[in-house]
Amino acid sequence: MKRKLHLCSSFFIVLFSFGSLIAQDGKVTGKIVDASTNESLPGANVIVEGTSIGTISNIDGEFKMKAPSNNFTLVFRFVGYKTVKKSFSIDKDGTDLGTITLEPGANELSTVEIVASRSTSETPFTFTDLEKKEIEQNLGSRDLPNVLNLSPSVYSTNQGGGAGDSRLNVRGFDQENVAVMINGVPVNDMENGNVYWSNWDGLGDAAASIQVQRGISPVNISVPSVGGTVNIITDPAARSKSISLRQEVGSWNFKKTTLQYNSGLIDDKFALSANVVRKKGDGFYDGTFTDAWAYYLGASYKISDKDKLELYAVGAPQRHGQNLYAQNIARYDQQYAKDLEDYDNQALIEYNEAGRDFNQNYNGVSNAYSGNQYYEMYRKVNQNRYDRNFLMERENFYHKPQVNLNWYHQFSDKLQWNTIAYWSGGKGGGTGTYGDVETDYSYSGMGLIQWDDQIAANQGNIDLKYSKTESKSSGILRNSVNQQNTYGGISRLFYQLNEKIDLQLGVDYRWAEIDHWREVRDLLGGDYFVFEGSDFDNSNSARMKRLGDKIAYNNTNQVTWLGSYAQAQYHGEKLNLFGMGGFTTVSYDYTDHFTADENGEKLTIETDNLPGFQFKGGASYDIASNLNIYANGGYISRNPIFDYAINDGAGIAYEDPKNEKITTFEAGVSYYIGNKFGVTANYYNTTWSDRTITQSVRLLNGDDDFIFIGGLEQNHQGVEINGSYQPFESIKFDAGGSFGIWEYTNDVNATYTTYENGGPVEEEFNLYLNGLKVGNAPQNQLFISATIDPIKDLSIKADFRYYSNFYSDFNALDRTDESDRTQSWQVPNYGVVDLHAFYNVPVTSTDYSIRLFAHVFNALDAVYIQDATDNSRYNSYDNDHDADDAEVFFGIPRNFNAGIEFRF
């Protein structure tokens, strides 16, 4: 008999009801046993389907819990056993279900969980699950990555505080190297691997669960994962029938309204879930407003016993002000800078304190200025600015809808076929200045753009070469536009060879066309702007650009991915094995609409198919019913991203771009004592080698080109631990931590030939990195959470996170001085406390429920630095890697988010 318990499922105890199920007095009891041995199963999960109402069985397999008095379904889950569902009704006096038997077998997942390649206790990988209750309990209305900070080796910040501008780091790898999937579909940018969280603003409200898979994972499609995978599920069939309205308020005039509808499962065939979100707020930093909508639609239809369809659509049209320019520490807080031992007091003279809410991208403008603005998202010319009293240098506006249709077909008990077809669009961009814009770089000016001065200069600027009556703008606001369409398909065959061996075969196809250009957003008082960079503008009038006209660059990129894989799993009584191999090709096309080729046509570049592959495997073994060990390893030869295949700035394709290599090993152990205590611990070691470095050269014929210089390597290793302890029914503790050693492991020494002056010249390229720590995230992290239920219907949770051994980010290509082996500046250690409270208001009606909730983030108002870059190009005092040379973002001060939810 199997009694493996995964930490995040076995010890997940839901003590209080949510929604319309809260206020009932009905109770249900029973006992859960093994079907073959009749032995009790302690720690089995019992959940009211589609809700977070639930409990776990005690040491004798018995359970008792509140439940609604109307019809409902209980879901009984125990890892290593088949899931059982029972539907019935109870009266106010309660019902005893007697004995519930679970049959040993593979833990059954929902269909969308299967195609999303979610880890289970039978797969030998490291992961953390967050169910719906935990997401609601911890996230509030922050960006989705912030809910992951209570996971080992995961670090997320909101950087400059703009809504959706958060970043994510896993095991020391940034989010360009972390795969993000929604319902089995990868959402990383196909050109550079990045994830822009403002595009997924309403996803936290729609998510049914999130799984963080650290390191390699059972995900078998082509994804840019080095650090890990974030796997997000929204499952309409898992939600009970309800309508809910949630109203939230928060610091800095934050307001958010969420309307949600769930049909529940109708006639055992159809389910629909939908929500719409509206939010606005001013933000902590000057000008970091948010003006956003979000929507989600999920539908599931069971055509027959052998066929099922699922449809998902998600999007978030939004506009928000950004704070993209980090500052010297003294610019935000001179006293904090003075208290640092390695901050040179002379730097205080250069960096005037502007306050913690300072934003260099923001400055006032006369409200008498009535110039129009244009942005491509809605193709509107007469678009008023967000506020008449200020202008933002950096603003983001975007809408990236994603729609996918999933089809599941059962050929037989042993053979399944699952296919996902998806489309993702995108329209919008970000703003900035272009041309010559008046900026005050004096001590008191702090690099702020002087909008009124620029408007006045533009209004009186007559250039007779172009017009006798109209004013020419010397500096403007521009939009950098990204407009894209992505089409993809993922198809998999699942075959059960016998009771112990499962096989998979699959293909993954993606094609994207992305248009990039800049356009005139705001002429700042002038009538036109002159752009002379297009080979196809043959007259002065054509070079006079007005609102919405394209400037700077105008490119179209195409990306084509095709991958395939084969996978096998062995399920033994104690031993489980996993193996997978995959092959991927990618090709890129580039068209420059401003540059003419030798035939007078638009410059076009195509690459060959660039191959890559991956292998990974692992094993887990049950030493005892409550003790499990596992190990995994893998090797990835990763296809080059677009920027490492084509230099779109120079209009050159790199010849023979190199693959980066990732080698990883991991081993772990899980141990449980009854259903009160559980702990998992693991060691990982990941080596990232042949990181891409390009260097410009001059060819013999005088043309410019680029070459690859290989050999740069870094190693990330560490220990992670995660545990849970529940001494009493009303008190639960969760804790964990990670301790890493992330560093560069070699210098790069190379020579290359360039024909700078017509003849061959040998140049040296040297980087001195060996032993330097990898920056941008704390290498040591600790967290502890305490959940207390002091009275009926009230739950209070406190989280404490502590970070240390945090080296600031730096550009590896700047380390060209052999005598400089100094580590990048080390950020001071810091800790943060967050508080959460939920109260289900007692009501007598069975038709509705009311819930109150509140979050206080940074409850102790700690002053700390959460992001830092060493020897900043813009804010360094003397470039010797200490505190006065770093540019930083401080953590947001104490802030709150609170609300009320009505559920019918």
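Student: Two strands pair if DSSP finds at least two bridges between them. With that settled, what stands opposite Phe890 in S58?

Tutor: Ile865 does. Strands here are DSSP runs of E with at least two residues, helices are runs of H or I with at least four, and both are numbered from the N terminus. This is a predicted model, where local features need pLDDT of at least 70 and side-chain atom pairs count only at pLDDT 80 or more, while totals for chains, interfaces and linings use all residues. Residues are numbered from 1 along each chain as its sequence is written, and side-chain values use heavy atoms, with hydrogens and water left out.

Student: Great. How many bridges join S57 and S58?

Tutor: Four, in the antiparallel sense, with S58 covering residues 887-890. They belong to an open sheet of three strands, ordered S22-S58-S57 and paired antiparallel. S22 (327-328) and S57 (865-869) are the edge strands with a single partner each, so one side of each has no neighbour in the sheet.

Student: Is Tyr155 buried or exposed?

Tutor: Buried, with a relative accessible area of 1%; Phe806 is buried too, at 1%. The cut-offs are under 20% relative accessible area for buried, over 50% for exposed and partly exposed in between (1.4 Å probe, protein chains only). Another pair is Phe800 with Tyr802, which is stacked at 6.5 Å centre to centre and 25 degrees between the planes. Phe800 is partly exposed at 34%, and Tyr802 is partly exposed at 29%.

Student: New topic: which residues of H8 are buried?

Tutor: Trp451, Gln454, Ile455 and Asn458, in a helix that spans residues 451-459.

Student: Why do they line one face of the helix?

Tutor: Looking down the H8 axis, they fall within an arc of 100 degrees, so they line one face. The arc is taken over the directions from the helix axis to the C-beta atoms. As background, an α-helix has 3.6 residues a turn, so residues three or four places apart point the same way.

Student: And what do they pack against?

Tutor: Several strands, among them S23 (362-364), S29 (415-435) and S33 (475-496). Contact here means heavy atoms within 4.5 Å.

Student: What about the sheet with mixed pairing, what order does it have?

Tutor: It is an open sheet of five strands in the order S8-S14-S15-S12-S13. S8 (126-131) and S13 (185-186) are its edge strands, each pairing on one side only. S12 (residues 178-182) runs parallel to S15 (residues 228-233), joined by five bridges, and Val178 stands opposite Gly228 in S15.

Student: Which helix lies across S8?

Tutor: H3 (residues 132-139) lies across S8 and S14 (209-214), at about 80 degrees to S8. Axes are lines fitted to C-alpha atoms, for helices over the stretch in contact, and angles between N-to-C directions run from 0 to 180 degrees.

Student: Which salt bridge has its closest N and O atoms 2.4 Å apart?

Tutor: That one joins Lys797 and Asp799, and both residues are buried. There is also a salt-bridge network linking Glu136, Asp205, Arg246, Glu248, Lys256, Arg851, Glu901 and Arg903.

Conventions. Salt bridge = Lys/Arg side-chain N within 4 Å of Asp/Glu carboxyl O. Phe/Tyr/Trp six-rings, centres within 6.5 Å; stacked < 30°, edge-to-face > 60°.
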